[in-house]
Amino acid sequence: MKTLKTIAIGSASALAVAATVNAQADDTLRVGVIGPTSGVFSFFGEQQRMGVELAIEELGDEVAGYNLEVEFYDSQGDAEVTVDQLRAMDSRDDVDIVVGPVLGGTGLAGLEWASGSGVPTVISYSAPEDITMRDRVENVVRAGWTGAQPMFAFGEYVAEELGHEDIVMVGQDYAFPYDQLGGFMRGFCAAGGNSVERIWHPTDTADYSSILATLPQGDAVLYNGAGSDGLAFFEQYRDFGMHERMPLLGGSNFYAVGDLPEMGEAAKGGVSALQYAEGLETDNFIAFRDAFWEMHGEDTMPLAPAEHGYVALKMAVGAVDESGSLDRDAIISALRDTEMEDAPRGPFHLDEYGNPVQNIYINEVKEVDGRLKNVPIKTYEEVSQFGPYDAEEYMASEPYSRDFPPSDCSDDFYQQ
Amino acid sequence: MKRETLVILGVVAGLLVWLLVAGDYAVSRTNRAMIYALMALSFSVLAGRLGWFSLCQTTLAGVSGYVVAILGAQHGLPYAVVIPAAILTSMLFAVVFGVLTVRARAVSFLMLTLALGQMVWALSFQWVGLTGGYNGISGVRLPMVLGFNLNDPRVFYVLLATCTVLIFLAVHRFYNSRFGLLLLGIQENEQRMRALGHPVYLARFAAFVLAGAIAGVAGVFLVYDMGIMSPSPLSLNQAVLVLTAAVLGGYRTVWGPALGAGILITLQTGVAQYTDRHMMVVGAVLALCILLMPRGLSEFSWKSLVRGRRATTSST
Amino acid sequence: MTLDTFYFLSLNGLTLAALLFLMATGLTLAFGLMRVVNLAHGAFYLLGGYVGVQVVQETDSLMLGILVGGLVAMAGGVLMERLLLQRVRGLDLSEALLTIAVGMIIADGLLAIYGGSSISLPLPAELRMPMDLGVMMYPTFRVYIMIGALALGAVLWVVMTRTRIGAAIRAGVDDRETAMTQGINVPLLFAGVFGAASFLAGAAGVIGTSYMSLGQGLDVRVLMLSLVVIIIGGMGSLKGAAVGALITGMVYSFASGYLPQFALFFLFLPMTLILVFRPQGLFGRTT
């Protein structure tokens, strides 16, 4: 017991020591960028890194009177490592602003850490709703999106423009696809859809042949997932000739992120929705894309995670520029007021919960200049993370899950 | 006995000084190193005493972490229920794994524990209703006690260091007890021990449960340290990391695992600043250990390096 | 369940079983003959897959891709055996741990070279076309995978039981010294077996990519699936690998057809039952 007391006193005095050491004069703005640059999800992390590097080049070494220092940290796509790296940023490297994380799980780990540490954080591609909804904290904003955000519009488009009434959804069984389907169903049912049959499969299911063997009949199939699962599903869907029975629609990442060159010609005509499209023809986008190619070579297409990393760093630096100091509170309030008229993806501003209100593009895979791209065929402007719904009402309803919202569009849930 | 007391005092003093001189980041890395030391110790109880190399001790720690996250963070049960429940669940899993692998030896034991561990890992990933899948369960925190915020890295350090020292001490006593010697005897010659009338199966079983309990404690600390529980601590990479720590430090001694975990975490922290290829580094360390000093640093001698090729890792 | 669905699910199960057999034979061979568990097996699958698919993309020749993928993995296997495993020959655990280390290094190296996105195998269109099997139309390449697995099983069985090489291998394992005095070059033989086993892993990597996409993390999953198969069948038994693959493939196919959410549970169920009731596996010898 005596030892314990000694230790307790020791730790208290150490705290005092540590506190005094940290207060040093500072003319450097340190930004820590975290993303999975190794591991299964390294595609996302590499894209973000390339986007951030482009932003650094454009901003130069000095911004708002500070030397800009950007350090990259590898999350390995792993919550445990993410927390470690974030701690290193805060307590070892004295980082002023964090950009990232990129993935769903690491984003939640980042939120958890940020709520404790108070460091201003700009989440990039990570999309769990509650980061900027039910669990939001003051010092965390987002440069990207929520899982449901592009899908409100997509559901509406599928019902209204494509005229599908009954959809069969096959999806990866975890939180992000739940959110995507939730947004889809709200938009789909409101626009006159009839029902969505859902089939969830565990992530890393390599063989879909038996799911395809028992697939129910509908007007179209929505594959709600991406990555290696998405690619395998796409291949097997065609192997069994299902594409002749029902067209294949994609969740936001399905045709968009990384797999498209592997899918090849067969992906042409595939429709999905996102707040980004590499087939945009606006001046801002083309300038961004050309600069990106100049820096990283024309073989690498800048995709949404790259743009979000690019934008996130600009938001961070912009906030320091705006507030004129490295004071955390000043940076946070400037971050929350972010308005970006000239973002490559199109103009956006943050809502009062810290998530972009932005364009959603319905994209179709087309071949442009000899390469496959997602080309916008319809634009929904000023879409918030709540879609057309009231923020407080939206957050009061239960979070999306495997069975929520209901499959049948005539359910009371959709009548409100 | 005298020497033992001196060593303990030395370790406690060292830990205290470290707390006073180290920066916040160094303290939180030390916390992580102590957690891995516990896992490596759990591994070493089986590897060093019985010659069983298990790739599922991190799985047991992960199971305990999930129990803490589910009962504590999701259902809000009191800490006095959550923590014992977590450790008990780890022990229960250890019993189940023990039953499933009881007849396996050496390499087939390694394979079975790998398969079982990866099975639980896959379930943690895919049983979303229970574990939250890839996103995991967040918001796992310790309470304030007597005005101390236990989540603070330095306060957490004190708590963790106390437990770690006590557990290592207990294992040290255990190794020197009659029961510990019996385990060594079983490893050397199982038939003979059985012929002498020793309860061989019971002893092995007890060792398994003990190792499970240590892993369970490590898991509790791990989840509170991270604040979030996700499948990653159950992955094969983590299992190999812990195995490497134990082999590097020397799994046949008590303090070897702590030494190995300390070196490996330091190495990782250093390497992470220069390259993303950390798994390559862990792999290389493991390979070099096996080839050059199969008994680890704590039993390292230049002689064995010269004889090198024929040094043994196990008596099987 | 209609009869059509039944055929469909059965064929799917057989295809998966064929692929699992391709994955698991290398592992079970090396274990059965040399008592070495190659835990880098999944990494060799990945290595062969990446290199082989790249070859197919550049030369449009599927056979060449499978061959090169297999050969690259074989080179890796032989190098590992010569340079590392040799040094600890006879110490089962050291050998297994070394293979883990090599697997980690290979997988991380592949990540550095090929990056993290998934890839698929560009198959010639005629292989993707459905073939009429009498009961239903089924993609041609899947039929070939089944035929290939059957042929491989037959060849291995003949080699092991009917040829001098097989006899020599068995002699080398049972009694090293005697085998050497009888003029059998044991080190060469072991390197050969290890090379063949790695070749199978690498070739399986290319073939498997025909319908499962190839990506990071697959090494661990392939290793796990292979272990499940040989634990069910009995470690070291060729017959066991075949039956284990068949059980796993069929159970998985029907489970994912009707209860996709629990497919994984059904994947592990047979293994757990085997471990409880017949720990040595269906065709394993008790040690």
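Predicted model: local features only at pLDDT ≥ 70, side-chain atom pairs only at ≥ 80, totals over all residues.
In chain A, six strands make up an open sheet of mixed pairing, arranged in the order β2-β3-β1-β4-β5-β6. The edges are taken by β2 (62-63) and β6 (140-142) of chain A, each of which has a single partner strand, so one side of each is left without a neighbour in the sheet. Within the sheet, strand β1 (residues 28-35) and strand β3 (residues 66-74) of chain A are paired in the parallel sense over eight bridges, and Gly35(A) has Asp74(A) in β3(A) as its bridge partner. Helix α3 (residues 79-92) of chain A packs on this sheet, where it touches β1, β3 and β4 (97-99) of chain A, and its direction makes about 175° with that of β1(A).

In chain C, helix α3 (residues 62-83) and helix α9 (residues 186-208) have axes that come within 6 Å and cross at roughly 140°, and the crossing of α3(C) past α9(C) is right-handed.

Chain C also meets chain B, in a contact that takes 32 residues from chain C and 35 residues from chain B. On the side of chain C that touches chain B, α4 (92-114), α10 (218-233) and α12 (263-277) of chain C each supply at least two residues, and the largest share, 14 residues, comes from α4(C).

| Contact | Nonpolar | Polar | Charged |
|---|---|---|---|
| α3(C) with α9(C) | 15 residues | nine residues | two residues |

Key:
Residues numbered from 1 in each chain as written. Chains lettered and ligands numbered in written order. Axes fitted to C-alpha atoms, helices over the stretch in contact; angles between N-to-C directions. Helix = DSSP H or I, 4+ residues; strand = E, 2+ residues; numbered from the N terminus. Left-handed = near helix turned anticlockwise from the far one by under 90°. Nonpolar A, V, L, I, M, F, W, Y, C, P; charged D, E, K, R; others polar. Pairing = 2+ DSSP bridges. Contact = placed C-beta atoms within 7 Å.
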